[in-house]
Amino acid sequence: MIYTTKALESLHMSLRKESKTRGSFPHQDAAMKLLYLALEHIAKKWTKPVKDWKAALQRFAILFGDRVPPWELN
């Protein structure tokens, strides 16, 4: 969950910076892999806990059922 548009803009800037410095990609999978790895790196910097996450997760379980692993609800 992202709290503000400023955080979203920061994420977009970080992803854009990663893809722009590479120039071109041989195929789409290479670009997707780069963005995935960049997201993994960026996510390590996020330390602020998500407000009311338990309530949101319970709501996601109602809406999306099988997509939410049961161990996440504990």
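Predicted model: local features only at pLDDT ≥ 70, side-chain atom pairs only at ≥ 80, totals over all residues.

Me: Which residues of helix 2 are buried?

Reply: Ala31, Leu34, Ala38 and Ile42. They sit on the same side of helix 2, because they cover an arc of only 70° around the axis.

Me: What do they pack against?

Reply: The buried residues of helix 2 pack against helix 1, residues 5–22.

Me: And which exposed residues are on the face turned away from that buried side?

Reply: That face of helix 2 carries Asp29, Met32, Lys33 and Tyr36.

Me: Switching to Ser19: buried or exposed?

Reply: Buried, because its relative accessible area is 19% and the cut-off is under 20%. Ser19 belongs to helix 1.

Me: What does its side chain reach?

Reply: The Ser19 side chain reaches the backbone oxygen of Arg16 at 3.2 Å. Leaving out residues up to four places away in sequence, Ser19 touches Phe25 and Leu34. Leu34 is one of the buried residues of helix 2.

Me: How many aromatic pairs are there?

Reply: One. The rings of Phe60 and Phe64 have centres 6.3 Å apart and planes at 45°, so the pair is tilted.

Me: Where do those two lie?

Reply: Both are in helix 3 (residues 53–64), four residues apart, or about one turn of the helix. Phe60 is partly exposed at 30% relative accessible area, and Phe64 counts as partly exposed at 40%.

Key: Residues numbered from 1 in each chain as written. Heavy atoms only, no water. Buried < 20%, exposed > 50% of the residue type's maximum accessible area, 1.4 Å probe, protein only. Arc of directions from axis to C-beta. Contact = heavy atoms within 4.5 Å. Polar contact = N/O pair within 3.5 Å; in protein donor to acceptor, adjacent residues only side chain to side chain. Phe/Tyr/Trp six-rings, centres within 6.5 Å; stacked < 30°, edge-to-face > 60°.
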